[in-house]
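Visitor: I would like to learn how to read the packing of side chains. Could you take me through an example?

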Amino acid sequence: MRPLTERDIRTSFVNCSKGEARRLGLPKDLAERPWDDLDFLGWRDPGAPERAYLVADHGGRLVGVALRGTSGTSRGFTARSLCSLCLTTRTGGGVALMTARRTGEAGRQGNTVGQYLCTDLACSLYLRGKRQAAVGGDLDESLTVDEKVARTRANLHAFLDKVTA
């Protein structure tokens with residue numbers, strides 16, 4: 001992914017108002033992000049942990065999506081959960097249900113699309129082995145990293161298609 005500016009990010013959002021996009025909390029470490037290893041920029045709002053954001057190249061343009069999610073924490077619960085983007089498993093709240101308001105009339109009527117996603121939205125780093133889950137882990141797969149990246153991008157684009165349809 002190419003490095004993004006604050007302006008790139010704020011103008012990319014398709015499922016919130018321009019005012020909401022101006023007010024959302026951006027990551028403080030944009031300059032330090034490992035852009036070459038990212039398939040999308042994803043982050044949780046530190047001031048409002050139930051809010052998350054995802055920005056990706058989609059259909060030849062930058063598309064930002066505001067998400068609502070759970071904290072991703074669990075109390076004594078050790079079941080594994082599967083991220084629907086990178087298809088890796090996590091335990092201990094490493095995956096949470098996040099919802100995105102759909103665009104257009106469907107969104108104005110309150111329709112949303114939900115996906116189970118890595119709570120830190122670091123899918124790109126997990127599948128490339130740049131970040132390890134503290135608890136849980138990935139299933140053994142015979143896919144190459146490039147094949148996992150392609151699958152994750154396809155899943156991401158399918159999700160964004162549902163949000164923007």
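Guide: Gladly! Five residues, Ile 9, Phe 13, Leu 41, Trp 43 and Leu 67, touch the most other members of the largest nonpolar core, which has 44 residues. Such a core is a set of buried Ala, Val, Leu, Ile, Met, Phe, Trp, Tyr and Cys residues joined through side-chain atoms within 4.5 Å; buried means under 20% relative accessible area with a 1.4 Å probe, protein chains only. This is a predicted model, where local features need pLDDT of at least 70 and side-chain atom pairs count only at pLDDT 80 or more, while totals for chains, interfaces and linings use all residues. Residues are numbered from 1 along each chain as its sequence is written, and side-chain values use heavy atoms, leaving out hydrogens and water.

Visitor: How many aromatic pairs does the structure hold?

Guide: In general, a pair of aromatic rings is described by the distance of the centres and the angle of the planes. Rings of Phe, Tyr and Trp (its six-membered ring) pair if their centres lie within 6.5 Å; planes under 30 degrees apart count as stacked, over 60 as edge-to-face and the rest as tilted. The structure holds two such pairs. Phe 13 and Tyr 53 have ring centres 5.8 Å apart and planes at 90 degrees, so they are edge-to-face. Both Phe 13 and Tyr 53 are buried.

Visitor: Why is the pair of Trp 43 and Tyr 53 tilted?

Guide: Their planes are at 35 degrees, with the centres 5.2 Å apart, so this pair counts as tilted. Trp 43 is buried too. Ring pairs link Phe 13, Trp 43 and Tyr 53 into a cluster.

Technical notes: Buried < 20%, exposed > 50% of the residue type's maximum accessible area, 1.4 Å probe, protein only.
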